[in-house]
Amino acid sequence: MQQPIPFRTVGLVNSGRPVAVSRRGQAAFFAASPVGRHWVLHDLATMRPALTSNDAPGTIERLAILDDFVFTACAPAAASPAPARNPPSEQLLAGGVAALPSVAVFERSHVVAVLVVPKDARPTPPLPPLQGFSALLVFGNSLVAAAENVLYVWDWPKAAFVGAIELEKGVHVTALLHPSTYVNKVLVGTGEGHLFLVNIVSG
């Protein structure tokens, strides 16, 4: 009889949020697992931690990986306002915690940019206050984050907000996928069972 093979379950060392899987080279696979305001990168061949991040600006809700960069969609946190010497004070609170939902860009384990939705970017006020992102996707220079029925797009290497695309009312985006043969298009799935093919450049 074959002896049981020991293994380690990624789900036991994360905060219950989805992991992000990345392939490096032809055979190396890694998974980033969120743990509060940190993420841990596991080598899937051995299930051993390979890298642990510094603090993200908030509790990590979603993850995406592209090459050496890890993108974290962070929930906002309530805390005392940061001192004026800690820019940008309208985006970060004391301790580097995000006042708004944000996407932190990590290179290796360090935050190199924090992306937020500009106050005037929401398509149809009065929408409720933005509480967090339900899906995250990165491909090429584009970063797409979804909240309710709206897609927010950044040019992430430039840390520049590109725009917001509103889908039909009443849908809630739960999944994003970039079909590899479509340059600027994203396949959007919703909790209501709808699929949309959206051009993030032309809308």
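Predicted model: local features only at pLDDT ≥ 70, side-chain atom pairs only at ≥ 80, totals over all residues.
Reader: How many helices and strands does the chain have?
Author: There are 0 helices and 17 strands in the protein chain.

Reader: Why is Thr72 called buried?
Author: Buried means under 20% relative accessible area, exposed means over 50%, and partly exposed lies in between (1.4 Å probe, protein chains only). Thr72 has a relative accessible area of 0%, so Thr72 counts as buried. Of the 203 residues of the protein chain, 41% count as buried.

Reader: Where is Thr72 found, and which residues does Thr72 touch?
Author: Strand β6 holds Thr72. Leaving aside residues up to four places away in sequence, the residues that Thr72 touches include Trp39, Leu63, Phe106 and Leu136; a contact means heavy atoms within 4.5 Å. Thr72 and Phe106 are 34 residues apart along the chain, with 8.0 Å between their C-alpha atoms. Across the protein chain, 39% of the contacts between residues at least 6 apart in sequence join residues at least 24 apart.

Reader: What makes Arg17 and Glu61 a salt bridge?
Author: The rule asks for a side-chain nitrogen of Lys or Arg within 4 Å of a carboxyl oxygen of Asp or Glu. The closest N and O atoms of Arg17 and Glu61 are 2.9 Å apart, and the pair forms a salt bridge. Arg17 sits in the segment before β1 and Glu61 in strand β5, so the pair ties together parts that are 44 residues apart in sequence. Glu61 counts as buried because its relative accessibility is 16%, while Arg17, at 34%, is partly exposed.

Reader: How many salt bridges does the rule count, and what is the distance for Lys169 and Glu166?
Author: The count comes to 2 salt bridges. Lys169 and Glu166 form one of them, with their closest N and O atoms 3.3 Å apart. Lys169 has a relative accessible area of 62%, so Lys169 is exposed; Glu166 has 27% and is partly exposed.

Reader: What makes the lining of the largest pocket, and what volume does that pocket have?
Author: The search runs on a 1 Å grid over the protein atoms alone: a pocket is an open set of points with protein on both sides within 12 Å along at least five of seven lines, whereas a cavity is a set where a 1.4 Å probe fits but cannot get out, and lining residues have an atom within 4 Å of a point. Grid points are joined across faces, edges and corners, and the volume is the space filled by probe spheres set on the points. The largest pocket holds about 310 Å³. Its lining has 15 residues, with Ala20, Val21, Leu63, Ala64 and Ile65 nearest the centre. β1 (20-24), β5 (60-66) and β11 (135-139) are the elements that give two or more residues to this lining, and β5 gives the most, with 5 residues.

Reader: Which classes of residue line the largest pocket?
Author: The lining has 11 nonpolar, 1 polar and 3 charged residues. Here Ala, Val, Leu, Ile, Met, Phe, Trp, Tyr, Cys and Pro count as nonpolar, Asp, Glu, Lys and Arg as charged, and the others, Gly among them, as polar.

Reader: And what lines the second largest pocket?
Author: This pocket, of about 200 Å³, is lined by 13 residues, of which Arg24, Leu41, Leu51, Asp68 and Arg108 lie nearest its centre. Its lining divides into 8 nonpolar, 1 polar and 4 charged residues. Arg108 belongs to the loop between β9 (102-107) and β10 (110-116), and its phi is near 60°, a positive value in a residue other than glycine.

Reader: Why does Ser180 count as exposed?
Author: Ser180 has 72% relative accessibility, so Ser180 counts as exposed. Its place is in the loop between β15 (173-177) and β16 (185-190).

Notes
Residues numbered from 1 in each chain as written. Heavy atoms only, no water. Helix = DSSP H or I, 4+ residues; strand = E, 2+ residues; numbered from the N terminus.
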